[in-house]
Amino acid sequence: MSKATKWKPLNKVGIIGVPFEKGQKKYGVSVAPAAMRTAGLIEQLTEIDGLDVKDFGDIETVCDENIKVDNMAHLPLVSACNRQLSNRVSQVLRDGRVVVTIGGDHSIGVGTVDGHYKVNEDMILIWVDAHADINTNKTSDSGSVHGMPVALLVKELSDYWPYLPTMDWQVPKFSIKNLGYLGLRSVDQFERLAIEKYEVPAFAMEDISEHGIQNSINHILQVLDPCMNKPIHVSFDIDSLDSLEAPSTGTPVRGGLTLREAICLMEIIHNTGRLRAIDLVEINPALGNESDRRKTIEAGLCVLKAGLGFSRRGTAPRGVLDLPVQTHHDHDCPAKELLRQNK
Ligand SMILES: [Mn+2]
């Protein structure tokens, strides 16, 4: 008989900032962790009922870039950053916390998933994104690593890579059978081939339109983990949202998720009690105007809060059974006070 595990949401969270942007070409995703903190990230999460929030600081990377790999920009930097990040993610998880990683571009998904896998080998991965991020350096148009993290992570694709110097620390062991996609609407031809070849459950926007966001995420969870006992990692690219909802991002695509759908999705995953890691990536506060920036950061905060237990229904105070009663004592009743003075 299998040992039944009863899951309930962890009430401890660890924040990691990754001001890293060399996985793509635009300036600005590196300032997102600071912008999110300034916007009240820690305070807003702390306001969620009973949540213990600890900030584990930023991952800072320096390294030589003398090694070049064909059509794979800044690999040594990407590798050095992810190596440190992987260790930090494992550390936060071992501290019994949900790990929330604020990017940075999506190349940091290599480090977060690697660090999670090293603690929970049975983890499943939900990649919420407009793009599939499953190119190799052979199939990528841009040569930017933020379009390759999934292909780097999954063991089934390891034969499709050349030897990657500096990446020896990362042995892909995670299986593509434990991956699901939500929000896709800009998928390259070889990415689509990979999704079909390995039968990855992938709900593109047209599937979400057909089935609704609740059925879509529930179907993915059912396919990846029918016994409902595996830890969940959500890698949330802000460009999964419609670019009207989150304009400040490097590769915006129209026709994406509404913020309401994203909140609903994160609430459903939170309610499983099995969410152990969230990445929030590709917020670029340097793109667009002040209103674009504010909208995008607020959307990111809403997504995180929904994943960490914030209830749109509201939450009654703990251990309190009644509204605060106001007793009118004699001395603070103005009329009686007047009478007393006039005696
Ligand atoms: Mn992405």
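In this predicted model, helix H9 passes helix H10 in a right-handed crossing. The axes of H9 (residues 259-271) and H10 (residues 290-307) come within 7 Å and cross at roughly 25 degrees. Because angles under 35 degrees count as roughly parallel, H9 is roughly parallel to H10.

On the H9 side, the contact is made by Leu259, Ala262, Ile263, Met266, Glu267, Ile269 and His270. Their counterparts in H10 are Ala299, Cys302, Val303, Ala306 and Gly307. By class, the residues of this contact are nine nonpolar, two polar and one charged.

The strands form an open sheet of eight, ordered S2-S1-S3-S8-S7-S4-S5-S6, with parallel pairing. Strand S2 (52-58) and strand S6 (202-204) are the edge strands, each pairing on one side only. From one strand to the next, the twist averages 15 degrees.

Within the sheet, strand S4 (residues 124-128) pairs with strand S5 (residues 179-184) in the parallel sense over four bridges. Val128 has Leu182 in S5 as its bridge partner.

| Helix | Strands | Angle to S8 |
|---|---|---|
| H4 (residues 109-119) | touches S3 (98-102), S4, S7 (232-237) and S8 (275-281) | about 170 degrees |
| H10 | lies across S3, S7 and S8 | about 175 degrees |

Technical notes. Residues numbered from 1 in each chain as written. Predicted model: local features only at pLDDT ≥ 70, side-chain atom pairs only at ≥ 80, totals over all residues. Axes fitted to C-alpha atoms, helices over the stretch in contact; angles between N-to-C directions. Helix = DSSP H or I, 4+ residues; strand = E, 2+ residues; numbered from the N terminus. Parallel < 35°, antiparallel > 145°, perpendicular 65-115°, else oblique. Left-handed = near helix turned anticlockwise from the far one by under 90°. Contact = placed C-beta atoms within 7 Å. Nonpolar A, V, L, I, M, F, W, Y, C, P; charged D, E, K, R; others polar. Pairing = 2+ DSSP bridges.
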